[in-house]
Amino acid sequence: MKTHTRVVVIGGGVVGCSVLYHLTKLGWSDVMLIERSDLTSGSTWHAAGGFHTLNGDTNMAALQGYTIRLYKELEAITGMSCGLHHVGGITLADNPARFEMLKAERAKHRYMGLDTEILGPEEIRKLTDGMVNLDGIIGALYDPLDGHLDPSGTTHAYAKAARMGGAEIVLHNRVLETRPTREGWEVVTEKGTVTCEHVVNAAGLWAREVGAMAGVYLPLLPMAHQYLVTDDIPEIVEILKSGREFPHVMDPGGESYLRQEGRGLCIGFYEKPCEPWSVDGTPWGFGHELLNEQWDKIEDSVAFAYRRFPVLERSGVKRVIHGPFTFAPDGNPLIGPVPGLRNYWSACAVMAGFSQGGGMGLALAQWMIHGEVERDPRGFDVARFGNWTSPGYTVPKVIENYQMRFSVSYPNEERPAARPFRTTPMYEVFDGMNAVWGQQYGLEVVNYHALPGEPRYEQPTFRRSNAWEATAQEVRAVRTGVGINEVQNFGKYRVTGPKAREWLDRIMAGAIPKPGRLSLTPMLAHSGKIIGDFTVSCLSDTEFQLTASYGAQGWHERWFEQNAQEDVRVENISDARSGFQIAGPKARELLSRVTRADVSAEAFRFMDVRRMTVGMANCIVQRVSYTADLGYEIFTDHMSVRHLWDVLTAAGKDLGLRPFGMRAMMSLRLDKWFGSWGREFSPDYTPAETGLDRFIRWTKGDFIGKAAALAERETGPKRKLVSFVVDADEADVVAWEPIWLDGAVVGFCTSGGFSHWTGKSVAMGFLPTDRVADGLACEIEILGERRPARVHLAPLWDDGGRMRA
């Protein structure tokens, strides 16, 4: 065993071997994998081995497609068989909502290049040789790429390909410690110590224990999962004799997946009475063994399966496989650089290892070697969970995710487990005002206030919900009077020091404002892609406040750490500084009543920022608003928030002051076509594509991403973000809907909704640059139906500059 290497990958499951292979594929040969036992000794060896592309996150779906296509490449490289069976997959829909979800997924696949299709009952019957009871089945989604493989053979193929690229694999060698050094890490094992630059935690069932060695908590939990393999089934034997194979069938209504296994069938369940396994830690001695059979917890699921697949009831059970798999709270992997640790990488919680392992290995290798990922990684980035995450949060969220793995996923759904957890001083106040709550980065955020007599629950739906009228009233309150909304759900950072301006000029692409002013600026990766959308407020030459998306804190903090500079201090004050925004034509009048400062239009201009006393609270007030109306953001310390509320509400009573939530906020921003982080602005897009290039200060010195942004400025982007007015019915654009021109899909939507103030259904999305024209007629596919739409480049609503007046 070598004592020095560039990378140590801890864990010899499919994910660890994929990471190792992709590091060699991208050019790093001095890499090593250390495994406590044999390869596949954790979850991999007893996995069902199915793979599929269906995933609500388009980037995850694309990486799953990459994973599936990779297997033939691995076989060609190594000469080993992965045991591939591309039998196709059928996901059944037994209710209208699920069928709408499948149609929405099919629409996404149109511009992703995935060849899926919607099936009717008769087509399902033919593909399954009549072995599915179609009672209650409306339709299905078919994916020809779906299939299954040999888990052990595939993992060993990854390992052989990595060895061929120069990697070393050391088995039967448990890691005992990981110690940070000035240059990287020392990995202490049973066979000696290895000094390395990078550590990758791909320890699977033992990822929590390995993470704890480095002082980090990774939010994951093993769940006991059970599937059955039947004896030979005559119907399957006949299918095999005809030279065909039985397809995968996912039956979400029965919480099951079914596939051929030899001359029989394999069926697994995501049952409601599920079982967390080893909540307090995985025993080091656990390995090539299974858990005891537990028929009682899958009894109802089996009974349902017998009705859906009658052939099962006539078949004997050859064996029961019951073993643990790891899950993160939202079911997605935990991949990427762990915030707060240098060169420590997570490759954990990849529960669908044979659907996702190749894509996750590629993404992590790109991140390590190139500093960023080709595709937006936020859906699987380990930084999406902050340091507030605890085992007490993880356990109920993982259980909920497991139980709802096959449930319909709605765009407006707010799942209840582990809530409320993190709340602001205003929680009880808003809760007493019929708040209907959402959740962002663990924080409870008001979505809207239910009207008297209405339920305090937003019905999950793909169409317009019961929040419609309450949201419309909140929008009207802002546009005609003054509304108030908490600003806790902004990420906030305090940047201080003699070189603060110099650092900001380097890390931000836009202008850094003078004292008393603020600016909007993108933050770019070296590739020129957008990794942040910030408001920079200059309080003095040595003190700045940054505001951005609350949910992007882990992402942004990690980038600040990676680009740290001496004599510059960056503090995350997201939960220490809070307050309110007030917006609407009467906002100035309200502010003037609660402060002695001069807030007239002449003294307090648009994009100004001032320290002022509001009531008795020392505040930072800036004149800007995401509502596209006259507005102010008022920040104070957490202890003064309730006082600030009392002062503002007392002074605004006769002005009709009304609280509004995020549903109204997202409707209001569409009136001016304001983009949103994670929708219009993300690491998948560039400033020139999205229009954020208008905020870049091209004449200033070098900044991160400048060379790439300049290169794109010279050539021009191939696509542009534009806005649309849509002839919608009862469903508005959410995101990822395909845009049709001349009978072909040419773009996709980034977000949309209903503009309650203008009475229009609207959308934003990308079109080829050479097709952009105001008034251009096109179609947007919503829930499988193409709806007429027109490009609308001017703001929907503009009263002559009230926001700037």
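Helices here are DSSP runs of H or I, at least four residues long, numbered from the N terminus. With that numbering, α15 gives the largest share of the lining of the second largest pocket, 5 residues. The model is predicted.

**Stop 1: the second largest pocket**

Select P337, W367, G371, W559 and Q562. Of the 31 residues in the lining, these lie nearest the centre of the pocket. The space here is about 640 Å³.

Now colour three elements: β11 (192–201), α10 (353–370) and α15 (553–562). Each supplies at least two lining residues. Then colour the lining by class. Expect 15 nonpolar, 7 polar and 9 charged residues.

**Stop 2: H22**

Move to helix α1, residues 14–25, and pick H22 within it. Is H22 buried or exposed? H22 is buried, because its relative accessible area is 0%, and the cut-off for buried is under 20%.

Show the side chain of H22. It reaches the backbone oxygen of S18 at 2.9 Å.

Next, select what H22 touches beyond its neighbours within four places in sequence. The contacts are Y66, L70, Y158, G358, G361, L362 and A365.

**Stop 3: the largest cavity**

The largest holds about 110 Å³. Select F430, V445, V446, E486 and N489, the closest to its centre among 13 lining residues.

Which strand gives the most to this lining? Strand β21 does, with 5 residues. By class, the lining of the largest cavity has 6 nonpolar, 5 polar and 2 charged residues.

**Stop 4: the second largest cavity**

Here the space is about 80 Å³. Select the lining: L228, T230, I267, F269, V302, A305, Y306, L312, S315, G316 and V317. Two or more of the lining residues come from each of β12 (221–230), β15 (264–269) and α8 (295–308). Helix α8 gives the most, with 3 residues.

Colour this lining by class too.

Terms used: Residues numbered from 1 in each chain as written. Predicted model: local features only at pLDDT ≥ 70, side-chain atom pairs only at ≥ 80, totals over all residues. Heavy atoms only, no water. Buried < 20%, exposed > 50% of the residue type's maximum accessible area, 1.4 Å probe, protein only. Polar contact = N/O pair within 3.5 Å; in protein donor to acceptor, adjacent residues only side chain to side chain. Contact = heavy atoms within 4.5 Å. 1 Å grid on protein atoms, 1.4 Å probe; cavity = no way out; pocket = protein on both sides within 12 Å on 5 of 7 lines; lining within 4 Å. Points joined across faces, edges and corners; volume = space filled by probe spheres on them. Nonpolar A, V, L, I, M, F, W, Y, C, P; charged D, E, K, R; others polar.
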